[in-house]
Amino acid sequence: MSDLARLFESVVEGERDVSPRPLSVSQLRAVVALDRHDGVNLRELAEQLGSTPPLVSRLCDRLEAVGFLERLPSARSRRELTLRLSDRGRAYLQELRARRRDRVELLLAKMSPAGRTALAAGLAEYRALAERAGEPPDLHH
């Protein structure tokens, strides 16, 4: 089982290599979270990332500096800001997903039909278990 877990981890890690600069893994996680939950505030984003508001604030500073994040006044409170991906941030994420999809499709095309069928069944089961455990599997991004 641990060999399979290491293999799965190596595949996931290999897909991270497709990520172009300028983002770190933490910044990429924040961009994906903002894409899924547009218009959150800093506290909500920190909760989604399992981090603290001060750390996420610095992360957002860096995302804003590269033009991927916009901080806008909140409709709920004058003391609060709403965080949104900029058009540049959305384009980056779209390009990243397209490159990952192309790479996966290229490798899937080289697999045998039996291998693809087994992989599809295994990933469907993994996804169902992850969803029941309350962990978003991130298999479609």
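Helices here are DSSP runs of H or I with at least four residues, strands are runs of E with at least two, and both are numbered from the N terminus. The model is predicted, so local features need pLDDT of at least 70 and side-chain atom pairs count only at pLDDT 80 or more, while totals for chains, interfaces and linings use all residues. Residues are numbered from 1 along each chain as its sequence is written, and side-chain values use heavy atoms, with hydrogens and water left out.

Ala46 has a relative accessible area of 2% and is buried; buried means under 20%, exposed over 50%, and partly exposed in between, with a 1.4 Å probe and protein chains only. Leaving aside residues up to four places away in sequence, Ala46 touches Ser51, Thr52, Pro53 and Val56, where contact means heavy atoms within 4.5 Å. Between the C-alpha atoms of Ala46 and Ala33, 13 residues apart along the chain, the separation is 10.0 Å.

Now for the chain as a whole. The protein chain has 6 helices and 2 strands, running α-α-α-α-β-β-α-α from the N terminus. Of its 141 residues, 27% count as buried. Among contacts between residues at least 6 apart in sequence, 50% join residues at least 24 apart.

Which rings form the aromatic pair, and how are they set? The structure holds 1 such pair. The rings of Phe68 and Tyr92 have centres 4.9 Å apart and planes at 40 degrees, so the pair is tilted. Rings of Phe, Tyr and Trp (its six-membered ring) pair if their centres lie within 6.5 Å; planes under 30 degrees apart are stacked, over 60 edge-to-face, and the rest tilted. Phe68 lies in the loop between helix 4 (53-65) and strand 1 (69-73), and Tyr92 in helix 5 (residues 87-110), so the pair ties together parts that are 24 residues apart in sequence.

| Residue | Relative accessible area |
|---|---|
| Ala46 | 2% |
| Phe68 | 2% |
| Tyr92 | 8% |

Finally, consider the lining of the second largest pocket. Asn41, Leu42, Arg43, Ser57, Arg71, Arg79, Glu80, Leu81 and Leu83 line this pocket. A pocket is an open set of points on a 1 Å grid over the protein atoms alone, where a 1.4 Å probe fits, with protein on both sides within 12 Å along at least five of seven lines; lining residues have an atom within 4 Å of a point. Helix 3 (42-49) and strand 2 (81-85) each supply at least two lining residues.
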